[in-house]
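I opened my notebook to look over this structure, one entry at a time. Come along if you have a minute.

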Amino acid sequence: MDSIQEMDNSSISQDGVASHAPSSSSSTASRYENQKRRDWNTFMQYLKNHRPPLALSWCSGAHVLEFLRYLDRFGKTKVHTPICPFYGYPNPPAPCPCPFRQAWGSLDALIGRLRAAFEENGGKPEANPIGTRAVRLYLREVRDLQSKARGISYEKKKRKRPSSAHQQTPSLPLPPPRPPPPGAC
């Protein structure tokens with residue numbers, strides 16, 4: 001997958017470099033809960049190491065965007081630039097100097113976990129810097145840029161509608177109508 005998972009077991013040092021540390025797994029928490037906790041700790045460490053250090057109450061959508069751009073340093077997804085000869089090719093035939101970035105799907109999942117963690121740690125949903133419009137627009141921009149760079153258009157998944165009982169039963173021919181009872185006219 002991408003380096004966000006790589007950062008699962010890492011902490012950010014004073015100079016902003018991720019260093020790996022052994023992790024302890026909890027048998028009671030789910031994989032998602034453990035990932036959410038690690039992501040939250042990484043984000044809080046980023047705010048602590050920010051110059052000047054930031055309290056969560058002072059954090060804005062702009063700081064969240066700084067954090068996402070910081071994570072690009074650890075990305076493993078090659079994103080071709082428009083001047084690259086392989087721009088728009090899903091499987092380029094040769095190496096190129098284009099940068100590695102975090103994959104859009106990883107960033108989207110990270111934002112979802114951080115939004116949930118913010119509220120679980122006492123934040124009010126309306127004051128959540130991770131859910132700001134700027135962050136949503138950034139994610140959309142990253143998605144579009146990465147899909148164009150790979151030559152694969154992003155198609156929004158269509159929701160599956162629950163099928164009603166009418167649709168579940170195969171349509172059988174209706175029986176012929178009964179003749180009216182004798183004497184009824």
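**Positive patch.** I looked up where the positive patch gets its residues: helix α5 (residues 133-150) gives the largest share, three residues. Helices here are DSSP runs of H or I with at least four residues, numbered from the N terminus. I noted the members on the surface as Arg115, Arg133, Arg136 and Arg140. For a patch, residues need over 30% relative accessible area and no salt bridge, and like charges are joined within 9 Å. A salt bridge would be a side-chain nitrogen of Lys or Arg within 4 Å of a carboxyl oxygen of Asp or Glu. Lys and Arg count as positive, and the charge of Arg is placed at CZ. Areas come from the Shrake-Rupley method with a 1.4 Å probe.

**Source notes.** I kept in mind that this is a predicted model, where local features need pLDDT of at least 70, side-chain atom pairs count only at pLDDT 80 or more, and totals for chains, interfaces and linings use all residues. Residues are numbered from 1 along each chain as its sequence is written, and side-chain values use heavy atoms, leaving out hydrogens and water.

**Arg140.** I found Arg140 in helix α5. Arg140 is partly exposed because its relative accessibility is 44% (buried is under 20%, exposed over 50%, partly exposed in between).

**Aromatic pairs.** How many aromatic pairs does the structure hold? I have six written down. Phe43 and Phe67 make an edge-to-face pair, 5.1 Å centre to centre with 70° between the planes. Ring centres must lie within 6.5 Å to pair, and planes over 60 degrees apart count as edge-to-face. Phe43 sits in helix α2 (residues 31-49) and Phe67 in helix α3 (residues 61-71), so this pair ties together parts 24 residues apart in sequence. Phe43 is buried at 0% relative accessible area, and Phe67 is buried at 1%.

I then turned to Tyr70 and Phe74, also an aromatic pair that is edge-to-face, at 5.3 Å centre to centre and 75° between the planes. Both Tyr70 and Phe74 are buried. One aromatic cluster takes in Trp40, Phe43, Tyr46, Phe67, Tyr70, Phe74 and Phe118.

**Helix α3.** Is α3 mostly covered or mostly open? I noted it as mostly covered, with eight of its 11 residues buried. Among them are Gly61, His63, Phe67 and Tyr70.

**Gly105.** My last entry is on Gly105, which lies in helix α4 (residues 104-120). Gly105 is partly exposed, at 37% relative accessible area. From Gly105 to Leu139 I have 34 residues in sequence and 9.2 Å in space, C-alpha to C-alpha.

Notes: Patches are made of residues with over 30% relative accessible area and no salt bridge: like charges are joined within 9 Å, nonpolar side chains (Val, Leu, Ile, Met, Phe, Trp, Tyr) within 5 Å. Helices (H or I, at least four residues) and strands (E, at least two) are DSSP runs, numbered from the N terminus. Buried means under 20% relative accessible area, exposed over 50%, partly exposed in between (1.4 Å probe, protein chains only). Rings of Phe, Tyr and Trp (its six-membered ring) pair if their centres lie within 6.5 Å; planes under 30 degrees apart count as stacked, over 60 as edge-to-face and the rest as tilted.
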